Amino acid sequence: MPKYSIVVPFHNEEENVTALYDRLKAVMEHVGENFEFVFVDDGSRDRTYRLLEEIAAVDSRVLVIKLRRNFGQTSALAAGFDHAQGEVILAMDGDLQHDPAEIPEFLAKIEEGYDVVSGWRVERQDGLIRRFPSRCANWLMAQLSGVEIHDFGTTFKAYRREVIQNIPLYGEMHRFIPALASWYGASICEIPIKNVNRERGKSHYGIGRTFRVFFDLMTIRFLLKYMTRPLHFFGTFGALGMLAGTGLAGWLLMLKILTGGKVMAAHGPLFVIAGVLLLAGIQLIGIGLLGELQVRHYHSDNQRAPYTVDRIIRARNVEESPLLG
């Protein structure tokens, strides 16, 4: 069994595959422990998969996972994590913007006892249009999650196997793995890394992806605080709505009794507001109860993988996956 697994997702990176493999191999052979490379082809349309297949044919330490289509970075990482066998799993991008020479620094921190080691791109090479919203998102994430790190967005991170395999990944949640890991009680640290300019190929990241992070922040905040108790969130607002509606309806009833209904025509809209508050409160509590049922089902049923494997290759063996997800 390998001690270290290096997980790298690729999407249309034919110009970087061979160079990254050579650099990774040189670094990991110098580390001196058993290791494996888990390369995930996330629906590439160029020669990325063919190059990965050629590498796996000559190096038994390379595991290649080909997904049936482009599922996105989070799902590709999830596929790599699910198939990695190492005690320590390190993830990085396949575009050579992460320097493999920095891997020993991550592994050293893991050996010190940390569960998650996150990279920090101290000097970003991106333009101001991308840096500013990214800094805002990182600051908000640190405040909302209580995890004091500066860079949630980078893929360059190291994890203990038992930590990363307890975290469900879907959507675009790979950015928030440290926040989710903190919910499980993981110890987290951060080390500075280089942000190398892309040497070859075209970037897959645009400004639109940066702004989507802000929507994910709301999801993460909810998950961190109410993941196992959704009724506490919806029930609070539901109870407040019912209390306000009941109080308003009671006041209108008392006013009708005391005045004999003489001024009730002017308070017609208040009756509607009271009814809406009561109904909304009941619905929110119902949503909370349904959420509790979903939580119970989630913890008792098998989880569905957020990706579909086309084939898995190690050395010259090709294994067709019998399951579609």
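**View 1. Ser 5 stands opposite Ile 89 in strand S4.** Here strand S1 (residues 4-10) and S4 run parallel and are joined by 4 bridges; strands count as paired if DSSP finds at least two bridges between them. Helices (H or I, at least four residues) and strands (E, at least two) are DSSP runs, numbered from the N terminus. A word on the model itself: it is predicted, so local features need pLDDT of at least 70 and side-chain atom pairs count only at pLDDT 80 or more, while totals for chains, interfaces and linings use all residues. Residues are numbered from 1 along each chain as its sequence is written, and side-chain values use heavy atoms, with hydrogens and water left out.

**View 2. Strand S4 (residues 88-91) has buried residues pointing both ways.** Val 88 and Leu 90 point one way, Ile 89 and Ala 91 the other. Buried means under 20% relative accessible area, exposed over 50%, and partly exposed in between (1.4 Å probe, protein chains only). S4 also pairs with strand S6 (residues 157-160), in the antiparallel sense and over 4 bridges. Look for Leu 90, whose bridge partner in S6 is Ala 158.

**View 3. Helices H1 (residues 17-31) and H4 (residues 103-111) cross at roughly 40°.** Their axes come within 10 Å; axes are lines fitted to C-alpha atoms, for helices over the stretch in contact, and angles run from 0 to 180 degrees between N-to-C directions. That makes H1 oblique to H4, since angles under 35 degrees count as roughly parallel, over 145 as roughly antiparallel, 65 to 115 as roughly perpendicular and the rest as oblique. H1 brings Leu 24, Val 27, Met 28 and Val 31 to the contact, and H4 brings Ile 103, Pro 104 and Leu 107. Contact means heavy atoms within 4.5 Å.

**View 4. Gly 80 sits in helix H3 (residues 73-83).** With 0% relative accessibility, Gly 80 counts as buried. Beyond its neighbours within four places in sequence, Gly 80 is in contact with Val 7, Val 38, Val 40 and Ile 65. Find Pro 9 as well: it is 71 residues from Gly 80 along the chain, and their C-alpha atoms are separated by 7.7 Å.

**View 5. Asn 12 has a positive phi, near 55°, in a residue other than glycine.** Asn 12 belongs to the loop between S1 and H1, and at 28% relative accessibility it counts as partly exposed.

**View 6. Leu 96 has a positive phi of about 70° although it is not a glycine.** Leu 96 lies in the loop between S4 and H4. At 2% relative accessibility, Leu 96 counts as buried.
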